[in-house]
Structures are given as C-alpha cells and as structure tokens.
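Hello,

Here is the structure I promised to pass on to you. Please open it beside this email and follow along as you read.

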Amino acid sequence: MHMQIIFPQLELHSIESKFINDPHVHPTHYQMTIPIRGHCNFTYKNKERKLIAGEGLLLPPESEHHFYQGFEDGIIIFQIDDESLYPADSTSFPEPKSKYAFDPIHVSAFLHQWGRSFFFSDASERLALEEKELQALHYIHGLIWGMDNSGASLLYTQQNDNRYMSRVLDYIHAHYSEPIRIEQLSAIALQSRYHFIRCFKTITGFTPYQYVLKLRIEKAQQMLKQTQKSIVTISAELGFASPSQFHRSFIKQVGITPEQYRLSM
C-alpha cells in the first residue's frame, strides 16, 4: 500500500509491503526517508546501505537515489521544498545533517493521527489545508532541528504580538464568508505563519479555520431563524464550497441538521 499526500511545499508518503523504484532525483525537494518497520535497502551515490527502523536519511535536491523494501517492511518519506526546510522565522540554523535517529513509533503515531485528521478535514477549504500543511512542516522541523513541538516559545509570542491580534479578528469578522489565506492573517499579525496559528489558537481556543467555521455557523443559525432563505442559498452566501459541506459543519457544531434547527425555531 502506498499512501501519498501532496501539498505545495511538502509531500508525505507512507509505503507498506513490498516496493521498489527506479533511480531518480527531486530537483527542488529534500527527502527524509525513515523506515518505521523492518528496513529498506537504499542506494545513494552508487552505494547501497541498509536503513533500519528509526534511521533517518536526509538527501538534498538533485541527489539521485532509489530503494527497495520487502513485504514485512514499512517506510515514511517526507519530501520538503528546499525553501521550506528551514523554519520561516529562523536566522542562524546550521547545514542539516544527512543521518538522523528517530523513534519510529513516535513518527508513525504522528503520521497516523495527522493523516486521520487530514482525511476528515474539508479538502475544499484552502485555509484548512494550509493549516494541515503547516502542522506537518512544523513536526518535520522538530525532527530535523530538534525544535520543541510543545510550544515552549509561546509566552514570548503572546507578550509581544497579541497587540496585532485584534486586527486579525476584525479582518476575519469582516471577511469570514470569503476565501481567507493564512498568509493574509499572519501578515496582519506580523508573525510567521506557524507562530500565528499557535498564538491565535491560544487566544481564541480555535485554529483560524475553526474560528471561521464558528462564525459561519453562528450566522447560519441567525439566517435560519430570521429568514426564509433556502439551505442552498445560505450555504452559498456564507462561503461554503457546497451544501453538503455546510450540512457536515452545521451538524458538527450544532448537533442537528439545518432543517431540524429551522423547524425547532
């Protein structure tokens, strides 16, 4: 089985069972290869080496390589755009190493949990996908650079950047029915994208996308009570990609369908 998730800056691959590929290069991507079960036979610079579970091998762009693994083996591959290997707010990171040691159980658990939340997210919403990509990028930065994924620098972020968050909230309240990008919001907050998401969630209790959904559903409840507009019209006016997405989001937040909510009023 080969599962792959592709973002603009990042690709994630989980390969189970027997697999072999031909020699190839990634022109603009670093590749981190991590066996999580068994091993793989990896060829790089015309030399074959055996990567065992927990060993990480980071290759720079334009590095020709290939590998194969058996039926009992499993591997995770992160391919990171060369401009995204370093955290956006970094100023003095050293050159990355080529070999790393990881806890394969931890890496596998992250990918399982992250992948599950990804497949249950709204793929039609750009803001939701950007949040998922940034979450995975931050995890990879933690693996490579040893950064604290728990949010140790959050207090500094709150104390120095919260003064801009009211502007972000004003912007969201004025535009929540329109497409919104993380870049727009983080620029208003004068923060890197990932630090903005962390700071925003600490202040509001929601990610930016969750907060936008909350405002949309609250407005939908008001419209269902005070107007005779159809579900389809309300869905479109509030910026949902489809009525089905509106139904899913409404049920998740309110507990009943929009039709049931209107009848209850």
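**What I found**

Four strands form an open sheet in the order β3-β8-β5-β6, and the pairing is antiparallel. The edges are taken by β3 (19–20) and β6 (47–52), each with a single partner strand, so one side of each is left without a neighbour in the sheet. Strands here are DSSP runs of E with at least two residues, helices are runs of H or I with at least four residues, and both are numbered from the N terminus. Two strands pair if DSSP finds at least two bridges between them. As background, strands of a sheet pair through backbone hydrogen bonds, either parallel or antiparallel.

Before we go on, a word on the source: this is a predicted model, in which local features need pLDDT of at least 70 and side-chain atom pairs count only at pLDDT 80 or more, while totals for chains, interfaces and linings use all residues. Residues are numbered from 1 along each chain as its sequence is written, and side-chain values use heavy atoms, with hydrogens and water left out.

**Strand pairs**

His39 stands opposite Ile52 in β6.

Now look at strand β9 (residues 74–81). Antiparallel to β9 runs strand β2 (residues 10–16), joined to it by 7 bridges; here Ser14 has Ile76 of β9 as its bridge partner. Strand β4 (residues 29–37) is also antiparallel to β9, with 8 bridges between them, and Met32 is the bridge partner of Phe78.

β4 also runs antiparallel to β7, through 3 bridges, with Thr33 partnered by Leu57 in β7. In turn, β7 and strand β10 (residues 99–101) pair in the antiparallel sense over 3 bridges, and Glu55 stands opposite Ala101 in β10.

**What is covered**

How many residues of strand β9 are buried? The count is 8 of 8, where buried means under 20% relative accessible area, exposed means over 50%, and partly exposed lies in between (1.4 Å probe, protein chains only). Both faces of β9 are covered: Gly74, Ile76, Phe78 and Ile80 are buried on one side, and Ile75, Ile77, Gln79 and Asp81 on the other. In strand β7 (residues 55–59), 4 of the 5 residues are buried.

Gly74 lies in strand β9, and it counts as buried because its relative accessibility is 1%. Leaving out residues up to four places away in sequence, Gly74 touches Ile15, Glu16, Pro35, Ile36, Arg37 and Gln69 (contact means heavy atoms within 4.5 Å). The C-alpha atoms of Gly74 and Ala236 are separated by 43 Å, and these residues are 162 apart along the chain.

**A helix pair**

Helix α2 (residues 126–145) packs against helix α7 (residues 208–226) at an angle of about 155 degrees, with the axes 8 Å apart. That makes α2 roughly antiparallel to α7. Axes are lines fitted to C-alpha atoms, for helices over the stretch in contact, and angles run from 0 to 180 degrees between N-to-C directions; under 35 degrees counts as roughly parallel, over 145 as roughly antiparallel, 65 to 115 as roughly perpendicular and the rest as oblique. Where do the two helices meet? Leu127, Ala128 and Glu131 in α2 meet Pro208, Tyr209 and Val212 in α7.

Happy exploring!
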